[in-house]
Amino acid sequence: MDTLNFKNLKNDFGLIIQTGTASLLNYPERKEGLKWDWAEENGTEYSLRQVFFKDKEVTLKCAILASSPTDFWAKYNAFFQELTKPEWQRLFIFDHDRTYEVFYKKSDSFQKTLKRLKNVPKLFVKFDLTLQVR
């Protein structure tokens, strides 16, 4: 069970992470350190005394499953209120057995309308969620 701040994503928000959690495993890109390209020497000289990394950003493909438009909006609002709280948020991914500290960057690619699944009285709204990872 994946959680956000110890709240179950599926049970509390109707949220399912479809894909993208593997990108959480990527190590952040290294920042370029000091370097010198001396005209009188071959190659480049690099200072490797300190190592720093760039920010790590991930985009998760998500969906909210709801029983009605009213239920969708309640779950949507509850999820984004939890995610956009001040400070870092705790996203636990069950498959990794790890908690990641994240904050909300953006969401996009929402479907234009709430679509009902065939022969099921449920709504399924897909979207992309971009998070900053510590």
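Which residue forms a salt bridge with E101, and how far apart are the closest N and O atoms? The partner is R134, with the closest N and O atoms 3.3 Å apart; a salt bridge is taken here as a side-chain nitrogen of Lys or Arg within 4 Å of a carboxyl oxygen of Asp or Glu. Because E101 lies in strand β8 and R134 in the segment after β10, the pair ties together parts that are 33 residues apart in sequence. E101 is partly exposed at a relative accessible area of 31%, whereas R134 is exposed at 58% (buried, under 20% relative accessible area; exposed, over 50%; partly exposed, in between; 1.4 Å probe, protein chains only).

The model is predicted, so local features need pLDDT of at least 70 and side-chain atom pairs count only at pLDDT 80 or more, while totals for chains, interfaces and linings use all residues. Residues are numbered from 1 along each chain as its sequence is written, and side-chain values use heavy atoms, with hydrogens and water left out.

The salt bridges come to nine by this rule. Another of them joins K35 to E32, with the closest N and O atoms 3.0 Å apart. K35 is partly exposed, with 41% relative accessibility, and E32 is exposed at 59%. K106 and D108 also form a salt bridge, at 3.9 Å between the closest N and O atoms. Both ends are partly exposed: K106 has a relative accessibility of 42% and D108 one of 30%.

The largest nonpolar core has 25 residues, of which L9, L15, F79, L129 and L131 touch the most other members. Such a core is a set of buried Ala, Val, Leu, Ile, Met, Phe, Trp, Tyr and Cys residues joined through side-chain atoms within 4.5 Å. Two or more residues each are given to this core by α1 (9-13), β3 (15-19), β6 (56-66), α2 (69-83), β7 (89-93), β8 (98-108) and β10 (123-133). Helices (H or I, at least four residues) and strands (E, at least two) are DSSP runs, numbered from the N terminus. β10 supplies the largest share, six residues.

Strand β10 is largely enclosed by the rest of the structure, because nine of its 11 residues are buried. It runs antiparallel to β6, to which 11 bridges join it; two strands pair if DSSP finds at least two bridges between them. A66 has L123 of β10 as its bridge partner. β8 and β10 are likewise antiparallel and are joined by six bridges, with S107 opposite L129.

Beyond residues up to four places away in sequence, L131 touches K56, E57, V58, L60, L83, L91, V102, F103, Y104 and K105, where contact means heavy atoms within 4.5 Å.

K56, one of these residues, lies in strand β6. K56 is buried yet has no salt bridge, and the nearest side chain of opposite charge, that of D55, is 11 Å away; Lys and Arg count as positive and Asp and Glu as negative, with His and the chain ends not counted. A polar atom of the K56 side chain lies 2.6 Å from the backbone oxygen of L24. With neighbours within four places in sequence left aside, the contacts of K56 are S23, L24, L25, N26, P28, L131, Q132 and V133.

Note on methods
Polar contact = N/O pair within 3.5 Å; in protein donor to acceptor, adjacent residues only side chain to side chain.
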